[in-house]
Every structure is written in structure tokens, then in C-alpha cells.
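Have the model open beside you as you read.

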Amino acid sequence: MSDAPADRTDSGTAAGKAEGAGFLDRYTTRALVAGVTVAAVVALLIAGLLFPDSIAGTLSDALTSRNTLAAALRLSVPIAFAALGGIFAEKSGVINIGLEGLLIISAFSAIYVADLTGGVWVGFAGGVVASTLLAALFAVVTIGFRADQIIAGLAVWLIALGLAPFASQVIYGSPNTPTVATSPSITVPVLADIPFFGALFSASPSVYMLFAAVFGSWYVFERTAFGRWIRASGENPKALDTAGVSVTRVRYAAVLISGVLAGMGGAALSLDLGQFTGNGPTMVNGKGFIAIVAYLFGNYNPVGAFLSTMLFAGLDAVQTVLQLQGIGIPRQLIRITPFVVVILVLALVGRTRLPEAAGEHYETEE
Amino acid sequence: MSAADRARDALSRLVDASATERILISTAALVLSVLIGAVLVLVAGRMTTCTAGEAVYYFGTGFCYDPVVVFDRLFLGALGDPFSGSWSPNGQFAVTLRESTLLLFTGLSVALAFRAGIFNIGTQGQMVVGALATALGVLWASSLVSGTLGTVVLIPFGLLVGAVFGGLYGAVPGLLKAYADANEVITTIMLNFIATGVALYLVSGIFKDPNSAANQTVPLPEFAQFPALLFGGRQDFSIVALLFGLLAVGALYYVLEHTAFGYDVRTSGVQPEAAEYGGVDAKRTVVASLTLSGALGGIAGAMYVMMVLGTFQTGIPAYGFDGITVSILAGNNPLGVGIAALLFGVLKSGTTVVQFATDVPPQLVGVLRGLIILFVAMPEFFRLLARGLPGAGSKPKAVATDGGTDGDRGGEADE
Amino acid sequence: MATAVHLDGITKRFPGVVANDDVDLEVERGTVHALLGENGAGKTTLMNVLYGLYEPTSGEVRLDGEPREFGSPRDAIDAGIGMIHQHFMLVDPMTVTENITLGNEPRKWGGLAVDRAGSREAVVDLADRYGFDIDPDARIEDVSVGEQQRVEILKALYRGADTLILDEPTAVLTPQEVDELFDVLTELTSQGKTIIFITHKLGEAMRAADEISVLRDGRKVGTVDADATSQEELAELMVGREVLLDVDHGTAETGEVVASASDVVVEDERGVRAVDGVSFEVRAGEVFGIAGVDGNGQSELVESVTGLRTPDAGEIRFRGEDVTTASRRQRIEAGMAYIPEDRQDRGLVMEFDLVENGLLGSQHGRELASNGRIDWPKTRGHAEAIIDEYDVRPPDADAEAESLSGGNQQKFIVGREFERDPELVVASHPTRGVDVGSIEFIHERLLELRRQGVAILLVSSKLEEVQGLSDRLAVAYEGEFVDVVDPDETTEEELGLLMAGERPGDDGGGGGGPAASEGGDAGETESDAPTELTDAADGERA
């Protein structure tokens, strides 16, 4: 025990720190983060009002601009859809880290089918189908063949990352597709004229679908028996099994739903722009991973996931607006703010409570 | 312990039943992926157009792409066509070895973390950080020494800088995991984006080479780069770097199997509760393994700068992600990483050959990579295939991110 | 009376094991039938056959005379069978109502929504009918273990169960909760329900059951009327020979204090004080035992002594030094051996072979490694010596830990820990789930160490074990030591009362707020003078 004293103080403080973090209940930490964010925004707005010519003024202009809200909503669509999909899968006990891949495959397929048929909505359906098929493969591999969920999810991402540009190259001779027609945005009369919030009522159809999907997901989890089964399947699959509900079926259904939702996100992403770009990390560019963070931060609640998506997307949107106004913050650094925020949030909030059985294969006895 | 004992010991560990099955599964995964790739090539060949003369015919149907040619180019082409008589050490084979060398390090990086039960997706970011640090560090140091002495001094120095900075960057998710309980899969993915973004900012700004249009640092002098021995330098390959890589394979194997630290890492990887019981400091092991893992990734970055590019340029190829594939294919075994890195070196280098020799899009190799991971991850599938075959009863182990702990053990306990 | 359940010649084979061998069982409607046997006797397997989890290799299940075949628990549930598992099948973050109705939720709007008001009403009605005390809106994670068990029973009743199977229902309960459970069982049978109750505790079987069937090694060795049998008869049926659980260990020649705890407080993950101000000391050459129903803070206390946990307050001393915040490794190196309660999670690395497992805890020591380098041949020799000395079977150092039976795993752990040449052995449930032969062996080894002057801290929920082996015995209840007694001078009845939280001198007022106990006072107890020594065959009666 000769080296005990030196080591002791060390591990002592470490333990103390860990306990300190434990005291901050995750909800209070979330509330704290949210509170600080709101306070900062309010302070910024006041500063902007008082000194309209300062950077704060420009920033608050950017924040209150309805264009910012419109941009944030647009950027949110793929991320929020994927996050909703991720919630379904993970609540049922299957961690779907392949959301990025589902977005990629649906983004490409939507354009391809739209180009083939000339119909935007047919294309949309095509994207959803492609994503669902890939999700089905993932489901078979993880649920049927007991593959490690993280590794299989990674494989789904890599397969899509290769397959979409591959197909684009084969079909169009370039990893980027030609452009197709986009669907016009839908404007609700009168409501759309409200300052700032009017952006909510003059948006592309995918934004409205997202609102519907957020509500629908919330409804499924909070009000339906199926939603309860999904929760039980992720928390204590044996309880569900002994209650006579097939865990395997629930998990298959949940993963397929995650494919459908992510497919809607991917299809909306490419169809809103009318093109799929497949260079490097493709046009999806990490949105699937941000989606994972969004639902973790939203504590597996569909509404929470949507709000945290809006937070990330809002940052991105403000950055774009600022860029247009030539504010001297380097673009590359603003680009990485969401990622830094995620890390800071994770460091503060620490572990989000995963469903008890997430990541584990479940085998019915005998 | 005599040398003979040691050899026998090493052999007995190698011939371990689960190791054999690992190898079988990896091989089967590879073969199956190639077969699916072939089908994909055929299907793609139906979807594109070509003249009748260019088409090949299988099963009475014409296809624009010929999978046999594709895989011939992919594999034999990558080896520099050893049977054609025109093999040269300066040819494609050198490219293959160059890629393999880099993959050795990223593969080892991922494998080490995996063995500790940590999924380090951040090797890519650690590599970027290591590469940038090396490019800047060696550039600064190259003004102090030069000539052969410069090479002898600067190369170890550059590797050290890469290792230190890659290691520090790897320590970040380690600390976050150990002390804030933050999931390393998410933090490492985020840190990849951050590394790329910050590197882009620095290299397009203060560290930008004023004489270049590209976002890159001032190129290193020739003497500060890996020397080309045996193989001509035309393919940016140095056998010295490969030897470093093989040394790293041996060293990591030794560390994992023959040291107390390696025992701690392996125990934490398969059964963290038991490790804690056995006196392993879980937090320290997490930080140490991710730091070491990051250092290996950083060395890969240093190699890339000092052997391949001679400068740091944005858009470093995804060696870090390939490292995940290499490690998974190798069952996270350092010796296996040696073989898997060579294989993936072939795939990567063959990609360019395929691109020149055929019209098949090179992204095919990306799909193959995903398929291989998918199949390696599902040993159950192969077990099903092998059912009924003699000797199929051996106990299988899934590759798992938690190091392979299985939920239900103890089985039939009536308590 | 009618036969509700009839198992006819049930045989269930697993690869290499016959879990049930031609078992016949008849259970009358409206009665409680206990299925008694040691761990591994095949009780749970038999009930899993009845519940449709396993298909029998041969034999037949008959309900009310009708032959039935169950492909899954679903079939069994539909046939009116409910099972309350030892580990509750409840979803912690969901409410009591949600758990009870899970899988059979009342619906409305054509199935598009759960009828939440209707669910709650159904649950409340059901609870009222059987006189259950539950809060339908509480989350499972917030209610007591006893209430969780009632929820499990209601879950089965909600599904229309006529026959309830309870697997070791008392293992996790306090004596008071056990009483409540038995009242519930009485109420259920009076309303015509049939209960099959799996247990290895003789006293409980006699108390709660009308009939008792005893299983041994997968065979049924007899069915007796609970009123017409004795504990001795049951014990003999269970183990097949006279059990001698009383170990004669002579008097202790105690030396200096090796380890001590003073005013230790440990909060569990939920912030509840699992250990609430415990003090004791263990001297060289003595066994200090801690008795108590599981879950009264023993695990947390042991973990803070061995370094797996840092106490929130108080001090742990070992060999004269304050080790309260010392790492696990420092404590191992200072000579603390530890037999953990969960061998498969902590004690062994299941995927490692025995050579590597023999190194666990010594990898940083000087015996088997030097300068951080492991000496594998030496380590192999070490493992082989343990295997040899402690009769681990199969005697193969290359066997993976998970391939060994529970008893042999435990013997290997015991061997590894004893061979550390320790100053202190912390033995937590050292014989749990271990066969009778190995139990005796482990007990002998433990006493041998004691004779050599090693200090031993023994925690066990088996009363006969702690009572038989300890020189001084503390009784833990709700995170405190109710009393420290001389086990030879204390009757089982007295210990039973202490385990239920009743303090010596209390007029049976119940376990309300025992004051901080004064530990470490060797042998001196405040309990009533010893009355008589009873037969030690049944230590389970609380």
C-alpha cells in the first residue's frame, strides 16, 4: 500500500466529481440548458434592440427574421424525420445507427423515381420504399440473425453511402443526379402573413408532413397499445413476451417504421432541392447522426426530438443568414457549432437513459 | 519462458477454436460480399447502355459490365498483375502496400478500442488532427535540421507529434465517457466533424500555403518525408513505413496478450463488472485505451502526410472509417488486422485500377465494404448456412461493440 | 375436490441434462401446492413446461382432465395459467395499470387508442375483489417489491388465470411482506384459485401449502400433506440424506482488529440510504457474520468494504490504514480477498479460460507478473494448482469459465481468493447456488483459514450458514445492524425476529426506526438470555 496516499486523493476527487454530476438530475440539467439558451436569446434580442448597429443587432435581426425560421424548418425536415424513426427503433430495443444510410438511399431513390415517372409524389413514395427495404434488411440482420446492432447499423450506412453514388454514376454518369421538378410550397392564407411565425404557414409540403409525423408519433407512443408494446419491448422484452405479445414482431414493426420515417426525411431532403448530390459524404452529410443526437437530447420524446432538431437547425440557419450579411465569423467554425454544442450538452447532461434492453438481442425461450 | 514455449503458447492461442471460426466467418463474409458485388455489377450493367460489341453475355443475356473483369482488375490489378510478367515494384503493388500501411494503423486504432469495449468511430478525426499537427510540427522542425540526419530525426519526430496530438484528441471522448458518461459513439462522430471543420478553417486561413490554390499547408522538404527504398517513390510508398506498421502490429499484440495493461483492457472489454472486481480502474482504462487508440490514428495521419502527400491537405480519405471495417473483419485481433489491412489495401488500390480499366463506378468498393461489415456482424447467418456440415457445432461468438458479452449465460439455472 | 392441474410423466431433457425425469404432479382446485426442492432440482423447469415456455420431451399436461399442449406462454395464459416469475416481468418506467393491462389493453375508437379510464377501472375493480392494496397510477420503479409482486399476481388474474404459479415468491420479501403474501394466497384459494408455489424453504412450504411435492435431481420423490409432515422429513426428502448443517468450529482465538467500519453510510442509485450508519470490526482469526434478508444493505456494505463503491459517509479501515477511498486494486494488494455474490458478473470473466481467470486481481501483483508483463507459464501453473487443490471439475485449465457448472465456478473463485494469502476474506453468499458437497468443502476451507488467523467477513442470507460459521453475528435490517449477537447463544426464533427488524427488548413493536447500532463489541449482546438450541435443519423460518 505504499503508493496509496497519492492515488487516493486522485480517485477521491474523481469519485466526487462523478457524484456531483449525479446530483444534477438530467431533467434539471436539460431545463438549465434550455433556460440558459432562452436567456441568451432574450439578452441578445434586447441588446440588438438597444444597439441596432452592433453585431448583436445584426444577430437579433437574423434571429427574428422569418427567413431564419423558414430555413430552420427546411433544414429540420430530414433530421427530424430521421430522429422520429430513430425513436421508434430504439424504444423498441434496436439501436438504429444506420439512419444516415436510410436518408442517403431514400434521397437518391426519390430523385431517381421522380425522374423516371415525372411525378414528385411518386418519387417521394419511391424514396420511402427504398429506405424501408434497407431498414428491413437491417431488421432481418439484427433481429433475425442477432447481429450486433451498432455494427450492422454502420454497415447500413456504408452500404448506402456506396450504393447511392454508385447507382447515380451508373444511371446518370455522375454521382450527382440531374434536377427534377420540385413541389411548390403550400401557403395558408392570412396566417402566412403573421410576422416571423408566418413561416410556419408558408412552407413546403414536407414541413406539414413533419408536423403530422411528430404528432402521429407522439400519439402512437402515448395513446395506443402498440406504442406501449414498443416501450415494453425496449425496456423489458421478457415482460412483453410473457404478456403474450411477440417481441420479434414489435421490433420488426418498429424498425420498419423507422425506415418509413427516415425515408420520408431523405425523400423530402432531395425533392425539396430537386437533386441528389452524392460526392463525398453525399448531401445528407451527417444529418442522420445529428438526428440520433436530437432524439437523445429530446429524451426519446417525439416533440422533444423535434424541438432539439429545431435548435440545431436554427443554429445552422442563423449561420447561413449571418454569412449572407457578411459577418466576420469564419464559416467553417460556425459550421461545427452544432457538433460542439452536442458535445457540450453530452458533457453536461451525461448519460441519457437508454431503454433498458436497447442494443440487446432478445430470444424467446425455446 | 523459453522461445519454444513462447511459440507454442502463441500458437495455441492462434489455433483457438473461436479464432478459427472467426477466420472462417471473415472469409465467408468476403466471398459472399464479392458474389453480391458481382450480381450488383451485372444488374448495373443492365441499367446502363453500351454497344453490342462491348457487352458480355451470361446466361444468354447481355450485360454492359463484366464482373469477372471487374474483380480481376480489383484483385490482380491491385497486386500489379504478378502473372503478366510486367510486374514492377513501382507499379500498382506499391500503391496497395501504401494503402495497407495506412490501414494497418487505423485498423489497429479501432481494434485496440474495441478490445476495451469502446467503439471508436473517431479514428478518422484523430487521423486528421495527427496529420495536421505533423505537417505543422515537421515543417517547423525542418528548418532546424536537414539532409539524411534530417530524415533520421524528423520522421520519428513527425510520428511522435502525430501520435501525441492524435492521442490527445482520442483522450477527449475517453474523458467524456469516463467522467461524464457520454456515449463514445456519438462524441467520436461529432469530433470527426469538428476535426474536419477546424482543420479546414486553419488550412484555409492562417496555415494556408500562399503558393497553392488548394487548401493545404506549405509542403515539407524532401528530406522530411519517408525515403523510398526498394520501391521507387513514384507511388508514394516507403517500405520503412510498412515496417513501422508491422512493428505496431507485433507491439499491440504483445501489449494485449502479455502485459497487465492488456489484460485490464481485454477484461474491461468483455466484462466490465469483472474487471472492476479484479482491480481494474475502469475510468483510467477507458481514457488510456482511447488515448492509445487515438495515438495510432494520429500516426496514420503522420504517415499520410510524410509518406503520401508531403503536406496537409483538406479532404483526407476515409482511412479511419476503413479502419473500422479492417478491425471488424479481423475480429479486433492485431494479427488479424495485419491480414485484413492488406486485403483492404488491395480493395482500395484496386478501385483506381477498376476505374481506369472498366466503366464500372468505383463506388462499388464502398458497397463491398459495407456488405463485408454486415456479414461479419452476423455469424448467426453463416452458422445457419453451415448447419448440418461436419464440425459446425463449435461455439460461435458474435462481433460485438461491447466486446462480446452475452446476455444469457448460466443457462439452465433453476434458481 | 377436482384436480385442476395434472402433469403426467413429464420428462424434459436439455443437451446433456435431464432436468425433469418422469414427474407426476396432481394439484387440487382451490389449494396451495408447494413444489419443494434444492436449487437445480428441476422445479422451475417443470413449471416452465406447464407455462408453455418449454415443450416436454415426453409426458402430458392435463387441465381439469383435458390433455393440453402449449406451444407458447400465450397458449398457457389462454388456458388460465399465470406465472409469477422470480424476477418480475414488469416494465419499470410504466405504471401499475399499464403493466397489468400490457398485451390486453382495453381499446376504444375501433382499437386506435387505449381506453385509459377503462383500464384503470378494470385494475381497481380487480384489486378490490381480491383485497389487494395497490396504487394503479404509480410507476413500477417507485413502488416496493411487495407491491410489485402483487402487481404481477394481478397481471395474471387480469388475464383470467385460474391457476397461478409462483416461482420462489418469498426470496425478495421481508418477513412482513411474506405474511402479506400468504394472506393473499389464502384469499385467492378461498375464491377458487389454484396456487403452485415453488420454493426451497421448508418452513414456508409447511406454512403456506396444503400439499407439498418434493423434487430431487429432476425426479419427484414424494408428495405429502403439509399438516402431516415434519421439517425433518422434508429435509431428508430434499437432499436424500440427513443434513448436518451445524458446523463445530470451536472457539475463536482472536487477534488484533484487521478491518473495521465506522458509521458507514451508502446511498444507492436512487439516493436511498441502503447502508445507514453501520459500524463493526473484524479481528484476525474470527468469522464475523452478517445475517439478514437480501436487500437490507448487505451488498452495498460489502462493496464499500471491498472497494467497489465509495461510501457516502463513514470510514473503512484495513490493517490500520484508512482505506475509505482506496481503490479496489490497492485493497487487493494490501491483502483483501473477496468472494463476490455474483460470480458470473464479477467473480469470473466468463469468456476467459481458467488460466486467465486465475490471474484476475493479480495482474498487477508480483507473483504472476513483473514490471507489467504477465508470466503466462507461471499463471497457468497457478490456475492448475487451484484446480487441483479445490477439486474444480473438469480439471482443465484451458476450459472457459462459462463451460463450468456453478459449483465448480464458485470453487475456482474460492480457490483463487484463498490462495492470495489474504489478511481478510470478504465472503458474500459464498455457497449460493452451489451443490451440497461443494458447500461443505467451502465451509471447511473457510474455517481452516480462520484457524490460520485470517479475518473473515461472511455475508449470507442462509441463516444456518452464518449461524453455523460465525463467531459473532450481526443482523442487518434496512441498512442497519439491529444487533450483534453470539450465534451459539441465540435461537433461530430470536434471529428471525431480529431479521424482521425487531430490536432486542422491543415489545414486538415492529421494526420501526432502530437506533444506530453499536458495532464491534465482541460477543456482548443485549438479547435475552439464550433459551434453548433448536434443531438447525431449518434456518429459513423467519
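1. What percentage of the 366 residues of chain A count as buried? The answer is 53%, where buried stands for 20 or more other C-beta atoms within 10 Å of a residue's own, exposed for 12 or fewer, and partly exposed for anything in between, with C-beta atoms placed from the backbone. Please keep in mind that this is a predicted model, in which local features need pLDDT of at least 70 and side-chain atom pairs count only at pLDDT 80 or more, while totals for chains, interfaces and linings use all residues. Residues are numbered from 1 along each chain as its sequence is written, and chains are lettered from A and ligands numbered from 1 in the order in which they are written.

2. Chain A has 15 helices and two strands; these are DSSP runs numbered from the N terminus, helices being H or I of at least four residues and strands E of at least two. Of its contacts between residues at least 6 apart in sequence, 75% join residues at least 24 apart. A contact here is a pair of residues whose C-beta atoms, placed from the backbone, lie within 7 Å.

3. Next, the A–B contact: 43 residues of chain A and 44 residues of chain B take part. On the chain A side, the elements that give two or more residues are α1 (4–23), α7 (149–172), α12 (287–297), α14 (331–335) and α15 (337–349). The largest share, 15 residues, comes from α7(A). By class, this side of chain A has 32 nonpolar, five polar and six charged residues. The classes are nonpolar for Ala, Val, Leu, Ile, Met, Phe, Trp, Tyr, Cys and Pro, charged for Asp, Glu, Lys and Arg, and polar for the others, Gly among them.

4. In chain C, have a look at helix α6 (residues 175–190). Its 16 residues reach 23 Å from first C-alpha to last, close to the 22 Å expected at 1.5 Å a residue; the expected span is 1.5 Å times one less than the number of residues. Buried in α6(C) are C:Val178, C:Leu181, C:Val184, C:Leu185 and C:Leu188. They lie on the same side of α6(C) because they cover an arc of only 115° around the axis, the arc being that of the directions from the helix axis to the C-beta atoms. Facing away from that buried side are the exposed residues C:Asp183 and C:Ser190.

5. What do the buried residues of α6(C) pack against? Their partners in chain C are β3 (32–36), α5 (145–158), β9 (163–167), β10 (194–199) and α7 (202–208). After α6(C) comes C:Gly192, with a positive phi near 90°.

6. Helix α5 of chain C also holds C:Gln148, which is partly exposed, with 19 other C-beta atoms within 10 Å. Leaving aside neighbours within four places in sequence, C:Gln148 is in contact with C:Phe88, C:Leu90, C:Ile140 and C:Val143.

7. Two backbone spots deserve a glance. Most residues other than glycine have a negative phi. B:Asn332, however, has a positive phi near 60°; B:Asn332 sits in the loop between α12 (319–329) and α13 (334–357) of chain B and is buried, with 26 other C-beta atoms within 10 Å. C:Glu168 has a positive phi near 45°, lies in the loop between β9 and α6 of chain C, and counts as buried with 21 C-beta neighbours inside 10 Å.

8. Chain C also has an open sheet of six strands with mixed pairing, in the order β18-β21-β22-β15-β23-β24; strands pair if DSSP finds at least two bridges between them. The edge strands are β18 (336–339) and β24 (480–485), each pairing on one side only. Strands β15 (287–291) and β23 (472–477) of chain C are parallel over four bridges, and C:Ala291 has C:Val475 as its bridge partner in β23(C). Helix α17 (492–499) of chain C packs on the sheet, touching β15, β23 and β24, with its direction at about 35° to that of β23(C). Such angles run from 0 to 180 degrees between N-to-C directions, with axes as lines fitted to C-alpha atoms, for helices over the stretch in contact.

9. Two residues separate β11(C) and β12(C), and C:Asp217 in the turn has a positive phi of about 50°.

How values were computed
Contact = placed C-beta atoms within 7 Å.
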